[in-house]
Amino acid sequence: MRQAFADAVSAALDDDPRTALVLAVISGDMFRRAAARHPGRVIDVGIREQAMIGVAGGLALTGMRPIVHSYAPFLVERPFEQVKLDFGHQGTGAVLVGIGGSYDASTAGRTHQAPGDVALLDTLPGWNVHVPGHHDEVRDVLRDAISGDDRVYVRLSATGNRAPRPVSPRLTVLREGSARSAGVVVAVGPMLDRVLAATSDLDVTVAYASTVRPFDREGLSALAGRAGNADVLVVEPYLRGTSAHEVAEALSDRRHRQLGLGVDRGEELRAYGTPADHDREHGLDAEGIAKAARDFFLV
């Protein structure tokens, strides 16, 4: 996904003079050729993440379309006040592209982990959030994001699904349950393949979400209406329960149960480990999802 991002942004810099890329050292080597071609529109501020956002906000005020990139904790968490003020309060737009996800860089320690990035942006109005599940989806997401003027966060992952799915603001149904099905499972981005494997023996509808904000409340309501039960399981690659309020709004007109799977909100893991180790500890591997789904739906 990171390479797909670099290719798409390099092409955008060539094709659209409105675009500018702002970096804080991270991934700078991937844009050396683009910087040589467009020295005024590829800006590396050094390890100064607050300045990175401020520079991007200033570019946006002049009518440019800034693309801002770093690891998620350095892009969303560390400069959060600047994100809040220099884009939201000023009414400007930008495309923020984060790597590292929740714990893709687990061996770098807690400084490089950001399971709360989407939840944090969710406290601000007007942000569109995309979580592609395959590197081929990144190109389409960025094309639409760069051509607009709104505030966009694109969350890239080091892992993904085996095949791309349609990039859409709506939920995409991959498997529809029967009229007596147990409910609906929403798989976000790179969680899809393991969700499909984990629920293969359950009578449930499985829907894919690569756009999580705005959330497709109407689509979820329709899927729950067709299912035998309006119970919903959401599997997200970031903080557990991040979309719980969205599910509650979507199904506010009917009785339902919901369960969120994601990075645990309890005690943080202090062992570095691999991303697969973290998945297993948080119950986000196929086995963990399967157990949670059976316990939730088969009651």
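A: The expected span of a helix is 1.5 Å times one less than its number of residues. Helices (H or I, at least four residues) and strands (E, at least two) are DSSP runs, numbered from the N terminus. The model is predicted, so local features need pLDDT of at least 70 and side-chain atom pairs pLDDT 80 or more, while totals for chains, interfaces and linings use all residues. Residues are numbered from 1 along each chain as its sequence is written, and side-chain values use heavy atoms, without hydrogens or water.

Take helix α12, residues 286–297. Its twelve residues should span 16 Å at 1.5 Å a residue, and the end C-alpha atoms are 16 Å apart, so the two agree. I289, A290, A292, A293, F296 and F297 of α12 are buried (under 20% relative accessible area with a 1.4 Å probe, protein chains only; exposed is over 50%, partly exposed in between). These residues pack against β8, α8 (192–198), β11 and β12 (258–263); contact means heavy atoms within 4.5 Å.

The ring of F296 has a charge over it: the charged end of R257 is 4.3 Å from the ring centre. The rule asks for NZ of Lys or CZ of Arg within 6 Å of the centre and within 35 degrees of the ring normal.

Now helix α9, residues 217–226. Its buried residues include G219, L220 and L223. Their cover includes β8 (184–188) and β11 (232–239), along with β7, β9 and α10.

R213 lies in strand β10 (residues 211–213). It counts as buried because its relative accessibility is 4%. Its side chain makes a polar contact of 3.2 Å with that of S243 (N or O atoms within 3.5 Å, one able to donate a hydrogen and the other to accept it within protein; residues adjacent in sequence count only through two side-chain atoms). Beyond neighbours within four places in sequence, R213 touches residues including D122, W127, H245 and E246.

Last, the aromatic rings. Rings of Phe, Tyr and Trp (its six-membered ring) pair if their centres lie within 6.5 Å; planes under 30 degrees apart are stacked, over 60 edge-to-face, the rest tilted. That gives four aromatic pairs. One of them, F5 with F31, is edge-to-face, at 5.7 Å centre to centre and 70° between planes. F5 is in helix α1 and F31 in the loop between β1 and α2, 26 residues apart. F5 is buried at 0%, and F31 at 1%. Y71 and F74 have ring centres 6.2 Å apart and planes at 70°, so this pair is edge-to-face.
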